[in-house]
Amino acid sequence: MNRPLSSILIAVAALAGLGTALPAAAQFAKPEDAIKYRKGAMTVMAAHFSRVAGMANGKIPFDAKAAAQNAEVANFMAALPFAGFGPGTDKGDTKAKPEIWTEMDKFNAGAKKMQDEMAKLNVAAKGGNLDAIKAAAGDVGKSCKGCHDDFRKE
Ligand code: ASC
């Protein structure tokens, strides 16, 4: 391979890597828009995670292809909600507790934990082994609950 082509390929690969590491930056005209966005992203994530969790706990018949598809969407969605917790988005139509903004490091660590567990669920779901999916879905559920207990009202 000649040199210019290989450097172009390396640059393209680096950009592709960046694209998967960072979600496209979301922009909000007003705080309500950020609140709606994060709730919408959580809702979509939960809808797809619930489908896999339902299979994991036996409430929905196991369908490996559907599990993999839903885990993939939930994993993609897991990157998105946290852009909606910027400064000034603590008041309004939200169950978010003020501790999110006073303990942002802890909140971010909880978000990262959920994202890591969701990524593992995505791998397990692609593998198609129900026992592995059950274990991974349980860990995702715990990570959701942990943060909700600390940072969501009710
Ligand atoms: C879900 C969902 C949550 C979590 C939580 C886990 O499917 O919508 O908020 O799992 O219930 O304890």
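**View 1. Lining of the largest pocket.** In this predicted model, 25 residues line the largest pocket, and Met42, Met45, Phe85, His148 and Arg152 lie nearest its centre. A pocket is an open set of points on a 1 Å grid over the protein atoms alone where a 1.4 Å probe fits, with protein on both sides within 12 Å along at least five of seven lines; lining residues have an atom within 4 Å of a point. The space in the largest pocket is about 640 Å³, a volume being the space filled by probe spheres set on the points, which are joined across faces, edges and corners.

**View 2. Elements and classes in the lining.** α2 (31-56), α5 (104-127) and α6 (130-151) each give two or more residues to the lining of the largest pocket; helices are DSSP runs (H or I, at least four residues), numbered from the N terminus. The largest share, seven residues, is from α2.

**View 3. Crossing of α5 and α6.** The axes of α5 and α6 come within 8 Å and cross at roughly 165 degrees (lines fitted to C-alpha atoms over the stretch in contact, with angles from 0 to 180 degrees between N-to-C directions; contact means heavy atoms within 4.5 Å). α5 is therefore roughly antiparallel to α6 (angles over 145 degrees).

**Notes.** Residues are numbered from 1 along each chain as its sequence is written, and side-chain values use heavy atoms, without hydrogens and water. Local features need pLDDT of at least 70 and side-chain atom pairs count only at pLDDT 80 or more, whereas totals for chains, interfaces and linings use all residues.

Methods
Parallel < 35°, antiparallel > 145°, perpendicular 65-115°, else oblique.
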